[in-house]
Structure formats: structure tokens, C-alpha cells
Amino acid sequence: MNGFAGKLKAAIAMLMIVGLSACAAQYRTHGYLPSEADLQQIVPGVDTKASVEDLIGVPNAAGVLNGSGYYYIETEVRHFAYQKPKVVERTIVDITFDEADVVSNITTYGLEDGRVVAINRRVTQTTDGDISFIRKLFGNIGGISASNLLGG
């Protein structure tokens, strides 16, 4: 009986260890942030968009207006058990350019500079997804005439 009790205690202890390890928070990092040494190589007033891409890589995002910048974004997210993932750290390096595409400024932002910046990818919605294939097929039937088919 003593051997069975010892095995039972060992099995319970093992289950507790596995159960507790499942409750540990997991951290995931998304995005790309150039190192401080790489950023030191960029000289405002001298480097251009092309040289920035050569030195530190293509940005995660870029502004759509002239003179707007390149954005390098790195986000650390904590996943814990059943809870919603939480952003615990976000760093954004903003490299702005003038009208001639020459670097005018380099700024680094973090969560301590304000609220969490929501990174959204905007996708243009089309109405084609609302219409089924069958509706499209039958919708075109009325537009065909005999004169169109005979080339006259």
C-alpha cells in the first residue's frame, strides 16, 4: 500500500506542476524595430528614403502624404490563460522626410508617451461580397439580346 500511496502523491504533484505551468503568461513580440546602433547611422539632412531602407530595412508602415514618414513598429503582447491578449509594450520609430525625401527627424514613441496606438489595417470593402454568384448570373440574363448575339 505504501508504494501505491507514493505513486499517487507523485502523480498529484506532477499534475499540479503541469497545471501551474499552464497558467504562466506568454509574451509574443510582433513587428520590427531597428537597433539603436542602426538608427545612429541615419543622418538627418543627409540620408534619403532609399538610404534609410538600405541601412535599416523597409518600414512596417509608411505615410501616404508627401513629406510623411516611415514607421517601424514593435509590439509586445501578453497572453495569459483565458484573458484577452494585452499590449504591454509598443515602440514606434517615426522617421520623417521633407519634400525632397531627405530625412528631417527621427522620433521614438512608447506607451509612456500616451495611450496605446491602435494599429489598424484599413481594407476597402466592395459590394461584390454581398451578391451571391447565382444572383450575378441571373442578373446578367436580362442584359443579353438577340441582336448582341448575332452581331447586328
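## A walk around the chain

Start by selecting Phe4, Leu8, Ile12 and Met16: together these residues make a nonpolar patch on the surface, with about 430 Å² of accessible area. Ile12 belongs to helix α1, which covers residues 2-22. Is Ile12 buried, partly exposed or exposed? Its relative accessible area is 43%, so Ile12 counts as partly exposed.

Before moving on, remember that you are looking at a predicted model. The mean over the chain is 76, and 66% of the residues reach 70 or more. Which helix has the highest mean pLDDT among the elements? That is helix α3 (residues 49-56), at 92, while helix α4 (residues 133-139) has the lowest, at 59.

Now select residues 120-125. Here pLDDT stays under 50, and the model shows zero contacts beyond four places in sequence. Where pLDDT is low, the predicted coordinates should not be read in detail.

Side chains of opposite charge can pair when their charged atoms come close.

The last stops are about aromatic rings. A pair of rings is described by the distance of the centres and the angle of the planes. How many aromatic pairs does the structure hold? There are two. For one of them, select Tyr32 and Tyr72: the ring centres are 6.1 Å apart and the planes stand at 75°, so the pair is edge-to-face. Tyr32 is in the loop between β1 (26-31) and α2 (36-40), and Tyr72 is in strand β3 (residues 70-79), 40 residues apart. Tyr32 is partly exposed at 33% relative accessibility, whereas Tyr72 is buried at 0%.

Finally, select Tyr70 and Phe97. This aromatic pair is also edge-to-face, with 5.0 Å from centre to centre and 70° between the planes. Tyr70 lies in strand β3 and Phe97 in strand β4, so the pair ties together parts 27 residues apart in sequence. Both Tyr70 and Phe97 are buried.

Methods. Residues are numbered from 1 along each chain as its sequence is written. This is a predicted model: local features need pLDDT of at least 70, side-chain atom pairs count only at pLDDT 80 or more; totals for chains, interfaces and linings use all residues. Side-chain values use heavy atoms; hydrogens and water are left out. pLDDT is the predictor's confidence in each residue, from 0 to 100. Helices (H or I, at least four residues) and strands (E, at least two) are DSSP runs, numbered from the N terminus. Contact means heavy atoms within 4.5 Å. Patches are made of residues with over 30% relative accessible area and no salt bridge: like charges are joined within 9 Å, nonpolar side chains (Val, Leu, Ile, Met, Phe, Trp, Tyr) within 5 Å. Accessible areas come from the Shrake-Rupley method with a 1.4 Å probe; for residues, only the protein chains shown count as cover. A salt bridge is a side-chain nitrogen of Lys or Arg within 4 Å of a carboxyl oxygen of Asp or Glu. Buried means under 20% relative accessible area, exposed over 50%, partly exposed in between (1.4 Å probe, protein chains only). Rings of Phe, Tyr and Trp (its six-membered ring) pair if their centres lie within 6.5 Å; planes under 30 degrees apart count as stacked, over 60 as edge-to-face and the rest as tilted.
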